[in-house]
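Please keep the sequence and the model in view while reading the points.

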Amino acid sequence: MKQVFINLAVKDVERSMAFYTQLGFVNNLQFSDKQAKCMVWSETIFVMILNYEKFKTFTKKPIADTKSNIAGLFALSVDSLDKINEIVENGLKAGGTEPVPMTDYGFMQQRVIEDLMDILGRYSSWT
């Protein structure tokens, strides 16, 4: 089985874990400690949220300031528009923002949420 691990540098691991939990991710305690949390989307997709100190052990490059720069775009596929709306609404309740209105491409719909907790990137959900 192939798996995807997205590693993100965050300033506050606990707040970031709460944000992802609100979106529907589950914490895998086996791969979590005070510096990092493994957040599970599915049996093949994981988001590793690491504090800056831990993240810096994997790279010599500076960590992007995501308040003024984009560091990545990440998309999650879901089964329905209702699920998209649920995820985005939960993200908004957890402190996120929706920078652009939903886009209907005819064959799929997309909503984007940006977080306010220095998690790298923007997240889209689509059906």
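Predicted model: local features only at pLDDT ≥ 70, side-chain atom pairs only at ≥ 80, totals over all residues.

1. Y20 and F25 are both buried, where buried means under 20% relative accessible area, exposed means over 50% and partly exposed lies in between (1.4 Å probe, protein chains only). The ring centres of Y20 and F25 are 4.9 Å apart and their planes stand at 85 degrees, so the pair is edge-to-face. Rings of Phe, Tyr and Trp (its six-membered ring) count as a pair if their centres lie within 6.5 Å; planes under 30 degrees apart are called stacked, those over 60 edge-to-face and the rest tilted. Y20 and F25 also belong to one aromatic cluster together with F19 and W41.

2. Residues are numbered from 1 along each chain as its sequence is written, and side-chain values use heavy atoms, with hydrogens and water left out.

3. How many aromatic pairs does the structure hold? There are five aromatic pairs. One of them joins F5 and F46, whose ring centres are 4.5 Å apart with planes at 10 degrees, so this pair is stacked. F5 lies in strand β1 (residues 4-10) and F46 in strand β4 (residues 45-51), so the pair ties together parts that are 41 residues apart in sequence. Helices (H or I, at least four residues) and strands (E, at least two) are DSSP runs, numbered from the N terminus. F46 is buried, at a relative accessible area of 9%, whereas F5 counts as partly exposed at 41% relative accessibility.

4. Strand β4 also contains N51. With a relative accessible area of 17%, N51 is buried. A polar atom of the N51 side chain lies 2.8 Å from the backbone nitrogen of K54. This can be read against the rule for a polar contact: a pair of N or O atoms within 3.5 Å, where, within protein, one must be able to donate a hydrogen and the other to accept it, and residues adjacent in sequence count only if both atoms are side-chain atoms. Apart from its neighbours within four places in sequence, N51 is in contact (heavy atoms within 4.5 Å) with V10, V13 and Q35.

5. The charged side chains deserve a separate comment. A salt bridge is a side-chain nitrogen of Lys or Arg within 4 Å of a carboxyl oxygen of Asp or Glu, and by this rule the count is four. In one of these, K37 meets E14, with the closest N and O atoms 3.5 Å apart. K37 lies in strand β3 (residues 36-40) and E14 in helix α1 (residues 13-23), so the pair ties together parts that are 23 residues apart in sequence. K37 counts as buried at 11% relative accessibility, while E14 counts as partly exposed at 45%.

6. E98 and R111 form a salt bridge in which the closest N and O atoms are 2.6 Å apart. E98 lies in the loop between α3 and β6 (103-104) and R111 in strand β7, so the pair ties together parts that are 13 residues apart in sequence. The side chains of E89 and R111 form a salt bridge at 3.2 Å, N to O. This pair links distant parts of the chain, with E89 in helix α3 (residues 81-93) and R111 in strand β7 (residues 109-114), 22 residues apart. R111 counts as buried at 8% relative accessibility; E89 counts as partly exposed at 36%, and E98 counts as partly exposed at 28%.

7. The buried residues I84, I87, V88, N90 and G91 lie in α3. They cover an arc of only 160 degrees around the axis, which puts them on the same side of α3; the arc is that of the directions from the helix axis to the C-beta atoms. An α-helix has 3.6 residues a turn, so residues three or four places apart point the same way. On the other side of α3, D82 and K93 are exposed.

8. After α3 comes G95, whose phi is positive, near 110 degrees. G95 is placed in the loop between α3 and β6 and counts as partly exposed at 24% relative accessibility. The C-alpha atoms of G95 and E114 are separated by 9.0 Å, with the two residues 19 apart along the chain.
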